[in-house]
Amino acid sequence: MISISVMALVFGVVFLAELPDKTALAGLVLGTRYRASYVFVGVAAAFVVHVVLAVAAGSVLTLLPQQLLHALTGVLFLGGAAMLLLKGGEDDEEVREPKDQSFWKVSGAGFMLILVAEFGDLTQIMTANLAARYDDPLSVGLGAVLALWAVAGLGIVGGKALMKRVPLSLITKIAALLMTALGVWSLYEAIA
């Protein structure tokens, strides 16, 4: 059974945390050079792999005692918020161009770029935390995948326009605030 509320919460947190990350920039760069649909297929497939790994890791964490689990996820959320604020959205990844414009070359380049660049990334760690916190792998996984796909789509199709209207620093601060709130709530539950 899918929990719409858990899925929506995960979507919001992951979406906001991923917007200032290198994915939007990489999608924007690839989307300006290559056919958007080819880029999106590769990027979307890489995010599915990331979310599956994150949800599996989070599900293993649910085997810990509840108080320890809440304390651990609280500390990780607070650490993630600090990383977001310290990083400040300054990632500038270089993108290699495939030699031809075929579907497999372009989508493969998008897949490999995201697979390597996002491995162990903040949103992957957040997804694992959320999977552990809510013990609802399907809802967390769907929310995270949809959020990552939305950010990738925005980056590929309209990243430049979005970044002109919404300051990256504001997006980063909102994501950090949400993560801080989740961290404090988890620590409170560990103590209570």
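Modeller: Helices here are DSSP runs of H or I, at least four residues long, numbered from the N terminus. This is a predicted model, where local features need pLDDT of at least 70, side-chain atom pairs count only at pLDDT 80 or more, and totals for chains, interfaces and linings use all residues. Residues are numbered from 1 along each chain as its sequence is written, and side-chain values use heavy atoms, with hydrogens and water left out.

Colleague: Okay, so which residues form the nonpolar patch on the surface?

Modeller: Patch members have over 30% relative accessible area and no salt bridge (a Lys or Arg side-chain nitrogen within 4 Å of an Asp or Glu carboxyl oxygen), and nonpolar side chains are joined within 5 Å. Here the members are Ile2, Ile4, Phe11, Leu138, Leu142 and Leu146, with about 500 Å² of accessible area together (Shrake-Rupley method, 1.4 Å probe).

Colleague: And which helix gives the largest share of that patch?

Modeller: H7 does, with three residues. H1 and H7 (137–165) each supply at least two.

Colleague: Is Ile4 buried or exposed?

Modeller: Buried means under 20% relative accessible area, exposed over 50%, and partly exposed in between. Ile4, in helix H1, is exposed at 59%. Phe11 sits in H1 too (residues 4–18), but Phe11 is partly exposed, at 30%.

Colleague: What does Phe11 touch, beyond residues up to four places away in sequence?

Modeller: Contact means heavy atoms within 4.5 Å. Phe11 touches Gly143, Leu146, Ala147 and Ala150. Take that last one: Phe11 and Ala150 are 139 residues apart along the chain, yet their C-alpha atoms are separated by 9.4 Å.

Colleague: How many aromatic pairs does the structure hold?

Modeller: Rings pair if their centres lie within 6.5 Å; planes under 30 degrees apart are stacked, over 60 edge-to-face, the rest tilted. This structure has five such pairs. Phe11 and Phe15 have ring centres 5.6 Å apart and planes at 10 degrees, so they are stacked. They lie four residues apart in H1, about one helical turn, and Phe15 counts as buried at 18%.

Colleague: What about Trp185 and Tyr188?

Modeller: Their centres are 5.7 Å apart and their planes at 35 degrees, so that pair is tilted. Those two are three residues apart in helix H8 (residues 168–191), again about one helical turn, and Trp185 is partly exposed at 44%. Elsewhere, Tyr38, Phe103 and Trp104 form one aromatic cluster.

Colleague: One more: is Thr123 buried or exposed?

Modeller: Thr123, in helix H6 (residues 122–134), is buried, at 4%. Leaving aside neighbours within four places in sequence, the contacts of Thr123 are Val14, Ala17, Glu18, Glu118 and Leu148.

Technical notes:
Buried < 20%, exposed > 50% of the residue type's maximum accessible area, 1.4 Å probe, protein only. Patch = residues over 30% accessible without salt bridge, like charges linked within 9 Å, V, L, I, M, F, W, Y side chains within 5 Å. Phe/Tyr/Trp six-rings, centres within 6.5 Å; stacked < 30°, edge-to-face > 60°.
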